[in-house]
Amino acid sequence: MRNPSDIPRVRLDRIDAIYIEDDVTLEALRDISFSVEDGEFVALVGPSGSGKSTLLDIIAGLYAPAGGDVILDGETLPTPARLGASSYMHQRDLLLPWRSALDNAALALEVHGVPRKQARQRALERFDEFGLAGFEDAYPAQLSGGMRQRVAFLRTVLAERPLLLLDEPFGALDALSRVVLQSWLLDLWERERQAVLLVTHDVDEAVSMADRVVVLSARPGQITHIETIDLPRPRTRDMLTSETFHRHRVALLRALGLLDQPQEALIASEVALA
Ligand SMILES: Nc1ncnc2c1ncn2[C@@H]1O[C@H](COP(=O)(O)OP(=O)(O)OP(=O)(O)O)[C@@H](O)[C@H]1O
Ligand SMILES: [Mg+2]
C-alpha cells in the first residue's frame, strides 16, 4: 500500500465546488490546491460553511467537484472511482443504535465484503487498543460520548486505507475528553503514520496535532493561509505552553480573522510571560 514518499497521498489541483438547489447556485469552494504527503498530518480549519466537509466528500469520491482534479497516489481519479480509496469519518458519524459496539466497528469491513464472523474477529482484536475492552456487546446508548467516538474511529481505521479523512472527530465532546482523545489519536498515528486530513474548528487542536494547517476563508472557501507547524514529534502537552505554539496560534487566529488589536496585544503579553 505504500508509495514512494515523493508522491503525495492526495493532491488537490484547483478544486471548485458548487451546490445547485432550486435553480440557485451556491459556490462552496474556489480554487483549492494543496497536498497531503505520505505520513503527513494536515489539519483543515475554517469558519462554519467554508466547505470543509464538502472538500472531504470530494476527496472521498462522494461528491463531484465543479472543476479541478483529485490526484490519489499520483493518479487522477474521477469521482466514483475514488470511493473506498480513503477511510472517512464523517462529521455526523452515527453508530447504528441497533448494533452492538463490536458490530458497529465490524461494519467497515463488512461493507468491503469481509464475511461477518471474520469482520467481528478483526474488530475484536483492536478493542483493547481503542480502550473499548469489555464493551463489545454494549449498544451505542450505553456508551459514553468518548467511547462512541472511539467506536466510530475504530470503524474508520479498520478499513486500513493509507489516507484518513477525519471530520471533526471530537466535535461533540467536552474539553477534557477532547484532550484525552487527541493524545490518544496522536499516539495511534505515531505508530501507523497514515496520511491524515483532519477537519477542526479548534485552532489549538490543529496546532497541537498537525504538521501543517490549511486555513479556509468564509464561503466560498478559499485557502487564505497554510501554516507549517514547527513543533517536534512526538508532541507533548508541555508544548502547549511553548512560545512556538503561541506563535502558530496567533498566526492562525489572524488568518481566520479572529484577532483584533486588543486581543492580539493580550496574547502577545501571554507569550512574553510564558
Ligand atoms: N447537500 C448540500 N446542498 C446544498 N448546499 C450544501 C450542501 N452541503 C453543504 N452545502 C452548503 O455548502 C456550504 C459548505 O458546507 P460544508 O458543510 O462543506 O461546510 P463546513 O465548512 O463543513 O461547515 P461546518 O464547519 O459547519 O461543518 C454551506 O454553505 C452549506 O450550506
Ligand atoms: Mg462540516
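Before I go on, a word about what we have on screen, which is a predicted model: local features need pLDDT of at least 70, side-chain atom pairs count only at pLDDT 80 or more, and totals for chains, interfaces and linings use all residues. Residues are numbered from 1 along each chain as its sequence is written, chains are lettered from A and ligands numbered from 1 in the order in which they are written, and side-chain values use heavy atoms, with hydrogens and water left out.

When I say helix or strand, I mean DSSP runs numbered from the N terminus: H or I of at least four residues for helices, E of at least two for strands. How accessible is Ser53? Ser53 counts as partly exposed because its relative accessibility is 22%, and Gln91 is partly exposed too, at 33%. The cut-offs are under 20% relative accessible area for buried, over 50% for exposed, and partly exposed in between, with a 1.4 Å probe and protein chains only.

Let's follow the chain into helix 3. How many of its 10 residues are buried? The count is 9, so the helix is mostly covered. Among the buried ones are Ala101, Leu102, Asp103 and Asn104. The cover includes helix 4 (116-125) and helix 5.

Ala101 in helix 3 deserves a moment. With a relative accessibility of 1%, Ala101 counts as buried. Leaving aside neighbours within four places in sequence, Ala101 is in contact with Phe127, Phe135, Glu136, Ala138, Leu143 and Val151, where contact means heavy atoms within 4.5 Å. Take Ala138 from that group: its C-alpha atom is separated from that of Ala101 by 5.7 Å, although the two are 37 residues apart along the chain.

Now for the packing of helix 3 against helix 5. Their axes are 7 Å apart, at an angle of about 25 degrees. Axes are lines fitted to C-alpha atoms, for helices over the stretch in contact, and angles run from 0 to 180 degrees between N-to-C directions. The two helices are therefore roughly parallel to each other; that label covers angles under 35 degrees, with over 145 as roughly antiparallel, 65 to 115 as roughly perpendicular and the rest as oblique. Helix 3 contributes Ala101, Asn104, Ala105, Leu107, Ala108 and Leu109 to the contact, and helix 5 contributes Val151, Leu154, Arg155 and Leu158. By class that gives 8 nonpolar, 1 polar and 1 charged residues. For the classes, Ala, Val, Leu, Ile, Met, Phe, Trp, Tyr, Cys and Pro count as nonpolar, Asp, Glu, Lys and Arg as charged, and the others, Gly among them, as polar.

Helix 5 (residues 145-158) also packs against helix 6 (residues 175-192), at an angle of about 20 degrees and with the axes 12 Å apart. That makes helix 5 roughly parallel to helix 6. From helix 5 the contact takes Gly146, Gln149, Arg150, Phe153 and Val157, and from helix 6 it takes Leu181, Trp184, Leu185, Leu188 and Glu192. These divide into 6 nonpolar, 2 polar and 2 charged.

Beyond its neighbours within four places in sequence, Gln149 is in contact with Met89, Pro169, Phe170, Leu173 and Leu181.

Finally, some backbone details for you to look at. Most residues other than glycine have a negative phi, and most peptide bonds are trans. Glu168, in the loop between strand 7 (163-167) and helix 6, has a positive phi near 50 degrees, and Glu168 is buried at 11%. Arg193 has a positive phi of about 50 degrees as well; Arg193 lies in the loop between helix 6 and strand 8 (195-199) and is partly exposed at 30%.

As for cis peptide bonds, one runs from Arg219 to Pro220, with omega near -10 degrees, and Pro220 is in the loop between strand 9 (212-216) and strand 10 (223-228). Another joins Arg233 and Pro234, with omega about -10 degrees.
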